[in-house]
Amino acid sequence: MPDTALQPQHDQKTTHFDVLIVGAGISGIGGAYHLATQRPGTSFVVLEQQESFGGTWLTHKYPGIRSDSDLFTFGYRFKPWTGAPIATAEEIRSYMGEVIEENDLARHIRYGHSIASARWSSADNRWTIEGTRTDTGEPFRLTAGFLWMCQGYYRHSVGYTPEWPGMTDFQGRIVHPQTWPTDIDLVDKKVVVIGSGATAATLVPNIVDKCQHVTMLQRTPTFFRAARNADDLADTLRKLEVDESWIHEIVRRKILRDQDVFTRRSFEEPEKVRGELLAGVRAHLGPDYDMDAHFTPSYRPWRQRIAFVPDGDLFKGIRSGKASVVTDEIERFTAKGILLKSGKELEADVIVTATGFHLNVLGDIAFAIDGKPLDFGSTVTYRGMMFTGVPNMAWVFGYFRASWTLRAALVGDFVCRLLKHMGDKQAHRVEVALRPEDKDMKLLPWIDPENFNPGYLMRGMHLLPKRGDKREWQHTQEYWQEKNEFPAIDLDDAAFVYG
């Protein structure tokens, strides 16, 4: 888009921006930084439904909430991380707050803005965004030349809890970690945590000391990695008084290389990687623990996300006897707890459903293109960030096997480069379209279930765009290739249609 509109433009009813960012989580704040530093003079606004920044790290308030990615790679490449690799939500929000303050981003962010609709007009070459102020109930309307979706991929208001028979019979309390109640008392209580992903692995060790007993109930085992919540290389470099920006970059590169090697090995020698992962857990639980029943998954490593257990805290709770793992399926809830299909009953005062979230790819926003509702699932993705038939929009969907922020940064660089290219061409709109050589391309689900198949994706695959069998029409999990491919994208390729 032309660079002439450098400041927000106003008419009697509507404020217009060059770019509108949806979401003030880790991706949205990163996007704002990209625009502020790479596209100075571009007018932009960040709309956030919640009362402050942080996204996931503001929504989730359950005990022990922490990252399951290291902050050297989950943190921003431009802002050194100086703490332990695995950080608490409070530490992450403090870090994000520093980014906002250091780069004067607060003036661009509007909190408490719940977006209801986003309508594209080809006649005007702009998006019209309408919604409601959550603090006053007043409606608002903004327009933007370009829409940057950084709102994440799940519904923040409520987590996913399956419907089990007998839930209304249970006389205790059922809670979901995503909407953790402030008034809950776990002291001397019998607690069952349903699930064995990163949330359960975080929650259990952080409540075990106050509870009478905590049972982690899982349908099938999960892979875990346990290690010290420290980085030896970072510690050594700090002893040598190396500058923190250097430390951040060096440690970041080493972790990325190690992750690349580990991921490739999980495909090339899965049984060897399986053995290493299981040996790491066994080292914490001891030789007599029933690993086959509770910690030996049937699937190949990395078909689902591998939960990291800092300092082995989950396993310490199990070894102490204060926590235990049960691998079984739920028959029904009872007045006293949960009846399992094996016939065993787990008694509980509190049941925590750490069972995931609702995939929410467009933030519960009603999209329309020239008056026609957008069926996002019928579009085809261009590298997981643009979509056929959707003008002037980019979307951030991060990595599963590497830190989310890594892809957010690649998309940020791409968007800024695309905006500059549009300005150079005096173009007001751009969308992606299948080229003549792509017309007969086979269309497939967003991701191959044989490659990665967590429950939230399988439940919501129909909501996601299609992918093609050519690399540029896919969302890949390969940061180590995309970090070189994205900067080399030819913006004059026939896949980009300008107007």
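Student: Which residue in β17 is the bridge partner of leucine 339?

Tutor: Heads up, this is a predicted model: local features need pLDDT of at least 70, side-chain atom pairs count only at pLDDT 80 or more, and totals for chains, interfaces and linings use all residues. Residues are numbered from 1 along each chain as its sequence is written, and side-chain values use heavy atoms, leaving out hydrogens and water. Now, strand β16 (residues 337–340) pairs with β17 in the antiparallel sense over three bridges, and two strands count as paired if DSSP finds at least two bridges between them. Look along β17 for the bridge partner of leucine 339, and you land on glutamate 345.

Student: What is the bridge partner of isoleucine 174 in β18?

Tutor: β9 and strand β18 (residues 350–353) run in the parallel sense and pair over three bridges. Isoleucine 174 has its bridge partner in β18, and that is isoleucine 351.

Student: How do helices α8 and α10 sit: parallel, antiparallel, perpendicular or oblique?

Tutor: Helix α8 (residues 270–285) and helix α10 (residues 313–320) have axes that come within 9 Å and cross at roughly 45°. Axes are lines fitted to C-alpha atoms, for helices over the stretch in contact, and angles run from 0 to 180 degrees between N-to-C directions. Under 35 degrees counts as roughly parallel, over 145 as roughly antiparallel, 65 to 115 as roughly perpendicular, and the rest as oblique. That makes the arrangement of α8 and α10 oblique.

Student: How many nonpolar residues are in the contact of α8 with α10?

Tutor: Contact means heavy atoms within 4.5 Å. Val281, Ala283, His284 and Leu285 in α8 meet Phe315, Ile318 and Arg319 in α10. Ala, Val, Leu, Ile, Met, Phe, Trp, Tyr, Cys and Pro count as nonpolar, Asp, Glu, Lys and Arg as charged, and the others, Gly among them, as polar. In this contact one residue is polar and one is charged, while the nonpolar ones number five.

Student: How many charged residues are in the contact of α7 with α8?

Tutor: Phe262, Arg265, Ser266, Phe267 and Glu268 in α7 meet Pro270, Lys272, Val273, Glu276 and Leu277 in α8. Five residues of this contact are nonpolar, one is polar, and the charged ones number four.

Student: How many residues apart in sequence are the parts tied together by lysine 79 and glutamate 98?

Tutor: Their side chains meet in a salt bridge (2.8 Å, N to O), meaning a side-chain nitrogen of Lys or Arg within 4 Å of a carboxyl oxygen of Asp or Glu. Lysine 79 is in the loop between α3 (71–74) and α4 (89–102) and glutamate 98 is in helix α4, so the parts tied together have a sequence separation, in residues, of 19.

Notes. Helix = DSSP H or I, 4+ residues; strand = E, 2+ residues; numbered from the N terminus.
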